[in-house]
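Dear colleague,

I am passing the structure on to you below, together with notes on what was found in it. Please read the notes with the coordinates open beside them.

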Amino acid sequence: MPDSHTSAPRGGVRLARGASPWLLPTVATAALSLTRARRSGRWAAVAVPTTALAAGMLWFFRDPEREITQGRVISPADGVVQSIMPWKDGRTRVAIFMSPLNVHVNRAPLAGTVTSVEHIPGGFVPAFNKESENNERVVWHFDTELGDIEVVQIAGAVARRIVPYVPQGTKLEQGERIGLIRFGSRVDIYLPEGIDVAVEVGQATTAGVTRIDRD
């Protein structure tokens, strides 16, 4: 199936779908201040921070193409492995913390069919905090060759909006984009019982590239 992302023009910058509500006002303000700065010193003082903010937004909402790694389970997120925990049902949860410097577009860890996409309201404490377990989240379930795979996108203190890209019933290839979390946040993936974890706490991950499981 085609990717849920609109292609960027040749030579242009690819930006994440769902960035517009934050990006457009910021870029418009920067453009206005730069235009008026030519005639007013006051506007020149405004132009510097607004242009810097717009540049930061463009960087934050970047969505680079990736050469998808071949492997059973690949990372759904850019970030750093925050914890690896055995779960009561035999699964293993790998939590990946995403800082504002990371790409915030998440990807399917395996090929499969989206069996459910559930939005759960909650709080907005920092994603590295233990209380983030009760944060706003979107819970994904994928029917894959390994069975049911659960991925949870968790909002953080600033990331108050999760933007799913695909609905229930969508068939995805491994590494396809599934959604965006705006600003710092966390993504958890639950590996089925019997699947060994290949990453370590503190290890950097790249969505679609870093392999999570071990043969």
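The chain has two helices and 13 strands, where helices (H or I, at least four residues) and strands (E, at least two) are DSSP runs numbered from the N terminus. This is a predicted model, in which local features need pLDDT of at least 70 and side-chain atom pairs count only at pLDDT 80 or more, while totals for chains, interfaces and linings use all residues. Residues are numbered from 1 along each chain as its sequence is written, and side-chain values use heavy atoms, with hydrogens and water left out.

Of the 215 residues of the chain, 46% count as buried; buried means under 20% relative accessible area, exposed over 50%, and partly exposed in between (1.4 Å probe, protein chains only). The chain exposes about 10,700 Å², of which carbon and sulfur atoms supply 57%, the areas coming from the Shrake-Rupley method with a 1.4 Å probe and, for residues, with only the protein chains shown counting as cover. Among the contacts with a separation of 6 or more, 69% come from residues 24 or more positions apart, a contact being heavy atoms within 4.5 Å.

Leaving aside residues up to four places away in sequence, Trp140 touches, among others, Val114, Ile149, Tyr165 and Ile178.

Strand β9 (residues 177–181) is mostly covered, with five of its five residues buried. Strand β9 pairs in the antiparallel sense over three bridges with β3 (residues 105–107), and likewise over three bridges with β7, pairing being assigned if DSSP finds at least two bridges between two strands. Ile162 counts as buried because its relative accessibility is 6%, and its C-alpha atom is separated by 7.2 Å from that of Val138, 24 residues apart along the chain.

In the loop between β8 (171–172) and β9 lies Gly175, which is buried with a relative accessible area of 4%. Beyond its neighbours within four places in sequence, Gly175 is in contact with Ile68, Ile74, Arg107 and Ala108.

Side chains of opposite charge can pair when their charged atoms come close. A search of the whole structure finds 11 salt bridges, each defined as a side-chain nitrogen of Lys or Arg within 4 Å of a carboxyl oxygen of Asp or Glu. One of them joins Arg14 and Glu65 (2.9 Å, N to O), and this pair links distant parts of the chain, with Arg14 in the segment before α1 (20–37) and Glu65 in the loop between α2 (41–60) and β1 (79–86), 51 residues apart. Arg14 is buried at 17% relative accessible area, whereas Glu65 counts as exposed at 51%. Arg14 and Glu65 are linked with Asp63 and Arg177 in a network of salt bridges. Another salt bridge joins Asp188 and Arg186 (2.7 Å, N to O); Asp188 is buried with a relative accessible area of 1%, and Arg186 is buried with 3%.

With best regards
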